[in-house]
Amino acid sequence: MHQTFDAALELNLLHANQEGANHNREHFDEWGITCLNVMSSPGAGKTALLEKTIIAIKDQLKIAVIEGDMTTELDAERLRQYGVPVIAINTGRSCHLDSKMVAGGIHQLAHEHNPEEFDLVLVENVGNLVCPAEFEVGEHAKVALLSVTEGEDKPLKYPVMFQEADCLLITKTDLAPYLEIDLELIKANVRQMNPHVTIIPISAKTGEGLETWFNWLKMQTKQAKPFANYL
């Protein structure tokens, strides 16, 4: 009986979240904004990636960031120094951002700025490999990061994150030679979960793969604009 009740509660929760995510996406489409949901375990390099991304493309695309963290604004402060709007959301005890939390960030962005001026909103989700993949926030695409320090088996142990991803960034590749990590085995394990995902090995330290990532990101933005105009 408890299992049936819990399953129904989870289903209702996900349904309500999906409705909120659809509403958020309508806002993004109306304003011509592409939204990417950036997810990973803690320490995989999400904030370092966003720093490099903002520096590289902020003159080409107008960017804002919605920064999720359980208790601090440490990562938000790191990103604010690059001169882009960063809206911090503390989730408290929750291990992920949901569509209602991101809706609050969207309303704050629209209150403080003209949202139609923006091309791209990057949502840095709370670090873990489980729940962020279950809760859409209104994004147009999901980007997952997997650090080489996490080992080759994480795609098999946490499949939903990798099944849901549109792009997988294998990060910290500069450390691979010291860890005896097999990048090809990581790719093969990811392909078992998601044969069509784009996989880009990168290093924020050496710059390996970053240009490929920037090009993929800009391509998503170009694809979203006609859709927004169509609506």
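Which residues have the most contacts inside the largest nonpolar core? The legends below begin with that core, as seen in a predicted model.

**View 1. The largest nonpolar core has 29 residues.** Those with the most contacts inside this core are Leu36, Val65, Leu169, Trp213, Trp216 and Leu217. Two or more residues each come from strand S1 (34-39), H2, S2, helix H3 (74-80), strand S4 (120-124), strand S5 (141-147), strand S6 (167-171) and H9. H9 gives the largest share, 5 residues. Apart from this core there is a second, separate one of 17 residues, and among them are Met39, Leu129, Ala144 and Ile199.

**View 2. Leu169 and the residues it touches.** Leaving out residues up to four places away in sequence, Leu169 is in contact with Leu49, Val143, Ala144, Leu145, Leu146, Ile200, Ile202 and Trp213. Leu169 and Trp213 are both listed with the most contacts inside the largest nonpolar core.

**View 3. Trp213 and Trp216 form an aromatic pair.** A search of the whole structure finds 1 aromatic pair. That pair, Trp213 and Trp216, is stacked, with 5.8 Å centre to centre and 15° between the planes. A pair of aromatic rings is described by these two kinds of value, the distance of the centres and the angle of the planes. Both residues lie in helix H9 (residues 210-230), 3 residues apart, which is about one turn of the helix. Trp213 has a relative accessible area of 0%, so this residue is buried. Trp216 has 12% relative accessibility and therefore also counts as buried, the limit being under 20%.

**View 4. The largest pocket holds about 170 Å³ of space.** Rolling a probe the size of a water molecule over the atoms shows where empty space is left. The lining of the largest pocket consists of 16 residues, and Lys46, Asp75, Asn125, Val126 and Gly127 lie nearest the centre of the pocket. By class, 4 lining residues are nonpolar, 7 are polar and 5 are charged. Helix H2 (46-57) and strand S2 (63-69) each supply at least two residues of the lining. The largest share, 3 residues, comes from S2.

**View 5. Thr71 lies in the loop between S2 and H3.** Is Thr71 buried or exposed? Thr71 is exposed, because its relative accessible area is 62% and exposed means over 50%. Thr71 and Thr198 are 127 residues apart in sequence. In space, 32 Å separates the two, C-alpha to C-alpha.

How values were computed. Residues numbered from 1 in each chain as written. Predicted model: local features only at pLDDT ≥ 70, side-chain atom pairs only at ≥ 80, totals over all residues. Heavy atoms only, no water. 1 Å grid on protein atoms, 1.4 Å probe; cavity = no way out; pocket = protein on both sides within 12 Å on 5 of 7 lines; lining within 4 Å. Points joined across faces, edges and corners; volume = space filled by probe spheres on them. Helix = DSSP H or I, 4+ residues; strand = E, 2+ residues; numbered from the N terminus. Nonpolar A, V, L, I, M, F, W, Y, C, P; charged D, E, K, R; others polar. Phe/Tyr/Trp six-rings, centres within 6.5 Å; stacked < 30°, edge-to-face > 60°. Buried < 20%, exposed > 50% of the residue type's maximum accessible area, 1.4 Å probe, protein only. Core = buried A, V, L, I, M, F, W, Y, C linked by side-chain atoms within 4.5 Å. Contact = heavy atoms within 4.5 Å.
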